[in-house]
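Hi,

Here is the structure I promised to pass on.

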Amino acid sequence: MSKADYYEMLGVQKGADEKELKSAFRKLAMQYHPDRNPGDAEAERKFKEIGEAYECLKDPQKRAAYDRFGHAAFENGMGGSRGGSGFGQAGGFSDIFEDIFGEMMGGGRQRRSANGRERGSDLRYNMEISLGEAFTGKTAEVRVPSSITCDECGGSGAKPGTQPVTCSMCSGTGRVRAAQGFFSVERTCPQCQGRGQTIKDPCPKCAGQGRLTEERSLSVNIPAGIEDGTRIRLSGEGEAGMRGGPSGDLYIFLSVKPHEFFQRDGADLYCKVPISMTTAALGGQFEVTTLDGTQTRVKVPEGTQNGRQFRLRSKGMPVLRQATVGDLYIQVDIETPQNLTRRQRELLEEFEQLSSKENSPNSSGFFSRMKDFFESFGD
């Protein structure tokens with residue numbers, strides 16, 4: 001049976017660079033790794049094949065030979081001591097396997113220290129505030145259910161007067177090696193769960209965990225100008241670590257509730273205000289209440305068109321940790337009169353009869369342009 005092409009095994013083009021090769025190999029190795037496919041002989045076979053392909057293609061000399069002669073380059077002793085495989089030592093994979101196993105174990109080795117202490121988990125708290133609170137800023141009290149260090153054992157997990165002992169299976173490393181085919185695979189120690197230590201006499205109060213669960217009250221400062229989706233990090237306010245390890249962090253995720261009148265775009269605010277047709281035609285004024293509670297007068301010039309915006313400088317949102325303030329944009333929405341009386345209708349009809357193209361230049365001009373446009377197709 002002929003062997004598959006190494007490039008096809010990894011799913012890359014023949015001209016793929018080292019970065020593409022490594023990325024493809026990492027993805028496939030994690031997919032077919034025996035730990036993720038226990039008892040699956042096909043997955044184990046593919047795992048070995050992609051390892052063989054990567055070992056060849058990542059070496060410039062072996063790759064050059066393979067590109068020229070194919071698999072024949074490694075037959076009859078041409079490619080190395082293992083005949084068709086051309087592996088050399090299985091240790092050639094150690095660099096990338098270390099990365100892959102670290103990811104598959106959830107970064108466990110990074111969380112645990114040599115003495116078995118484990119960093120606590122980070123916590124997330126979702127908080128919703130109003131646009132007014134985002135404008136002024138506030139101090140909020142939050143109650144967070146989390147873990148704290150056990151005061152009985154000081155976080156060690158061992159009964160007072162005793163100490164954790166070095167794990168006999170892994171000699172304190174937290175990792176054990178096992179042969180798997182021609183690979184030497186390193187796994188988390190099953191006896192100590194990667195901590196490197198075991199507890200013979202657990203603390204009766206925390207059952208050997210080194211931490212207890214309780215609800216805490218924390219004060220969170222929300223600065224003025226905070227935006228929707230902002231994340232606030234409170235260092236060390238997450239769960240307590242295992243066996244006296246450092247605490248995780250608490251992340252406050254903020255969402256700003258929609259406002260009834262104002263819409264926000266960065267530091268600027270937008271507000272749509274309905275005005276009467278007569279105010280738009282004759283001119284006038286109105287007052288709006290801004291987020292700081294003050295009244296601001298807006299003057300409407302004669303002949304104002306629907307959708308026109310009026311800019312109120314420095315009436316928007318404060319910029320986070322800066323002395324600048326955004327603007328407030330007022331957009332007028334001209335309201336067409338409804339439920340007319342007979343007299344009102346008569347006056348509007350009289351106005352229509354007295355109107356000229358100069359009174360509504362856009363509408364009259366539009367229909368003339370449309371007529372000319374379509375008549376031009378007939379020429």
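Arg233 has Tyr251 in β9 as its bridge partner. Another pair you can look up is Ile232, whose partner in β9 is Ile252. Before you go further, keep in mind that this is a predicted model.

The strands β8 and β9 run antiparallel to each other and pair over 4 bridges. On β9 there is also a pairing with β1, this one parallel and over 7 bridges. If you want a spot to check there, Ile129 sits opposite Val256 of β9. Put together, you get an open sheet of 3 strands in the order β1-β9-β8, with mixed pairing. The edges are β1 and β8; each has a single partner strand, so one side of each has no neighbour in the sheet. On average, neighbouring strands in this sheet are turned by 25 degrees against each other, ignoring direction. As for cover, β9 is mostly tucked away, with 5 of its 7 residues buried. A general point to have in mind while you look at the strands: in a regular strand, side chains alternate between the two faces of the sheet.

Now the charges. How many salt bridges does a search of the whole structure find? The count is 14.

Arg233 turns up again here, in a salt-bridge network that links Arg119, Asp122, Arg233 and Asp249. Within that group, Asp249 and Arg119 form a salt bridge with their closest N and O atoms 3.3 Å apart. Asp249 is in the loop between β8 (231-234) and β9 (250-256), while Arg119 is in the loop between α6 (108-111) and β1 (123-129), so this pair ties together parts that lie 130 residues apart in sequence. Are these two buried or exposed? Asp249 is buried, because its relative accessible area is 6%, under the 20% cut-off. Arg119 comes out as partly exposed, at 25% relative accessibility.

Two other salt bridges are worth a click:

- Lys62 and Glu55 form one with the closest N and O atoms 4.0 Å apart, and both of these residues are buried.
- Lys138 and Glu133 form one with the closest N and O atoms 3.1 Å apart. Lys138 is partly exposed, with a relative accessible area of 27%, and Glu133 is partly exposed too, at 26%.

Next, a loop. Ile199 is found between β6 (197-198) and β7 (211-222). Its C-alpha atom is 4.7 Å from that of Pro164, although the two residues are 35 apart along the chain. Ile199 has a relative accessible area of 19%, so it counts as buried, the cut-off being under 20%.

Last, the surface. Which residues form a nonpolar patch there? They are Phe366, Phe367, Met370, Phe373 and Phe374, and together they have about 560 Å² of accessible area. One of them, Phe367, belongs to helix α10 (residues 361-375). Phe367 has 56% relative accessibility and therefore counts as exposed, which takes over 50%.

Cheers

Methods. Residues numbered from 1 in each chain as written. Predicted model: local features only at pLDDT ≥ 70, side-chain atom pairs only at ≥ 80, totals over all residues. Heavy atoms only, no water. Patch = residues over 30% accessible without salt bridge, like charges linked within 9 Å, V, L, I, M, F, W, Y side chains within 5 Å. Areas by Shrake-Rupley, 256 points an atom, 1.4 Å probe, with all protein chains shown as cover. Salt bridge = Lys/Arg side-chain N within 4 Å of Asp/Glu carboxyl O. Helix = DSSP H or I, 4+ residues; strand = E, 2+ residues; numbered from the N terminus. Buried < 20%, exposed > 50% of the residue type's maximum accessible area, 1.4 Å probe, protein only. Pairing = 2+ DSSP bridges. Axes fitted to C-alpha atoms, helices over the stretch in contact; angles between N-to-C directions.
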